[in-house]
Amino acid sequence: MKNEVRNAKPRAVAIMGPTASGKTAAALAIARERQVEIISVDSALVYRGMDIGTAKPTAGELASAPHHLIDIIDPLDAYSVMQFRLDALRLVAEIGARGALPLLVGGTMMYFKGLIDGLDDLPTADAGVRAAIDEEAARIGWPGMHAKLRALDPVTAARLAPADAQRINRALEIIELTGKPMSALLALRAKPALPFELVSFALEPSDRSVLHQRIAQRFDAMLGESDEAGIVAEVARLRARGDLSPHLPSMRCVGYRQSWDYLDGTIDRAALRETGIAATRQLAKRQLTWLRAMPNRIVVDCLGPDPTGELLRHLKGLPS
């Protein structure tokens with residue numbers, strides 16, 4: 001009877017990790033062993049036509065198991081944490097009903113947090129407050145605004161990049177509207193119970209410098225040997241549409257905003273590579289910061305001799 005109560009909920013598995021940690025390889029290894037469907041937890045993979053810079057799974061990889069939340073919106077549009085949570089909850093239920101194991105795979109930690117902790121009940125946006133914050137940012141820059149946020153809400157500032165204008169603006173807006181830091185408001189909310197058991201694996205590097213080498217190798221592969229191939233050509237095709245701008249969430253993805261600057265002529269190819277790799281490293285650092293704040297995760301060294309094998313052994317040891 002105790003086992004029946006414990007396992008009353010269906011199960012889903014999360015594979016989280018920073019960029020270049022081998023999440024896709026781990027998911028495909030599980031797919032060779034079990035009937036699974038993969039739910040992408042990646043804010044860049046949702047966009048159609050953005051394949052190279054997002055390291056989107058190949059056609060062969062996509063065919064190896066059903067995939068969800070990839071290529072679902074146009075780069076002109078936005079996809080929110082709220083929409084992800086709704087989609088993920090629906091998909092986990094549907095996949096479980098088909099007798100498959102839902103695998104939530106990706107590195108967008110805000111999506112994972114939104115799924116696990118639920119959505120906030122923060123004040124709605126105020127155009128006037130946002131405009132005032134933007135005006136101040138125009139004078140002192142977003143790193144300056146990040147420093148201001150750090151003094152008012154160090155917890156929130158610690159997980160945001162100094163150039164993350166959108167989220168810094170939102171955090172300062174909340175302080176202006178409520179008089180309280182966002183981190184304090186989020187800590188007060190009740191955490192909703194997921195309708196399924198989530199077993200979370202975190203692919204984390206034992207040596208950050210090796211992960212940095214992987215990141216550089218991956219970015220070089222995306223860049224290719226010339227502007228006629230790789231991410232530069234991809235961004236050139238997107239620019240040629242005429243309706244996109246560097247301020248859109250899609251074009252602010254790592255690698256895309258640097259390639260846009262390169263095509264604008266504001267940086268050269270060497271700077272494109274340097275800034276692209278640096279931005280990817282910063283992304284990985286933020287992902288690891290988010291990861292290490294997540295409780296009840298099973299850590300697997302992504303640089304170990306057989307991380308996918310270790311992950312599979314953990315899965316086989318779970319009670320049915």
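# Reading a predicted fold, one feature at a time

Colleague: I've got the model open. What radius of gyration would a compact globule of 320 residues have, and what does the protein have?

Modeller: The radius of gyration is taken over C-alpha atoms, and the globule rule is 2.2 Å times the number of residues to the power 0.38. For 320 residues that rule puts a compact globule near 20 Å, and the protein has 20 Å, so the two agree. Along the principal axes, the C-alpha atoms fill a box of roughly 65 × 50 × 35 Å.

Colleague: What about contacts: what percentage join residues at least 24 apart?

Modeller: A contact means heavy atoms within 4.5 Å. Take the contacts between residues at least 6 apart in sequence: 75% of them join residues at least 24 apart.

Colleague: Now the annotated part. Which residues does UniProt list for "binding site"?

Modeller: Treat such annotations with some care: they may be inferred rather than shown by experiment, feature names are shortened, and positions are given in the numbering used here. The unreviewed UniProt entry lists Gly17, Pro18, Thr19, Ala20, Ser21, Gly22, Lys23 and Thr24 under "binding site".

Colleague: Where is Gly17, and is it buried or exposed?

Modeller: Gly17 sits in the loop between strand S1 (11-16) and helix H2 (23-33). Its relative accessibility is 0%, so Gly17 counts as buried. Skipping residues up to four places away in sequence, Gly17 touches Lys23, Gly106, Gly107, Met109, Leu203, Gln287 and Leu291.

Colleague: What does Thr19 contact, leaving aside its neighbours within four places in sequence?

Modeller: Thr19, in the loop between S1 and H2, contacts Leu211, Ile215, Arg218, Thr280, Ala284 and Gln287. At 12% relative accessibility, Thr19 is buried.

Colleague: And Ala20? What is its phi near?

Modeller: Most residues other than glycine have a negative phi. Ala20 has a positive one, near 70 degrees. This alanine is in the loop between S1 and H2 and is buried, at 7% relative accessibility. Beyond four places in sequence, Ala20 touches Leu211, Arg214, Ile215 and Arg218.

Colleague: Which other residue has a positive phi although it is not a glycine?

Modeller: One is Asn296, at about 60 degrees. Asn296 is in the loop between helix H14 (269-292) and strand S6 (297-301), and at 73% relative accessibility it counts as exposed.

Colleague: Back to H2. What do its buried residues pack against?

Modeller: The buried residues of H2 include Lys23, Ala26 and Leu28. They pack against S1, strand S2 (36-40), helix H3 (59-63), strand S4 (101-106), strand S5 (197-204) and helix H15 (307-316).

Colleague: Can you finish with positions apart along the chain?

Modeller: Take Ala97 in helix H4 (residues 81-97), which is exposed with a relative accessible area of 69%. Its C-alpha is 9.4 Å from that of Pro10, 87 residues away along the chain. Then take Ala59 in helix H3, exposed at 64% relative accessibility: the C-alpha atoms of Ala59 and Thr156, 97 residues apart along the chain, are separated by 38 Å.

Methods: Residues are numbered from 1 along each chain as its sequence is written. This is a predicted model: local features need pLDDT of at least 70, side-chain atom pairs count only at pLDDT 80 or more; totals for chains, interfaces and linings use all residues. Side-chain values use heavy atoms; hydrogens and water are left out. Helices (H or I, at least four residues) and strands (E, at least two) are DSSP runs, numbered from the N terminus. Buried means under 20% relative accessible area, exposed over 50%, partly exposed in between (1.4 Å probe, protein chains only).
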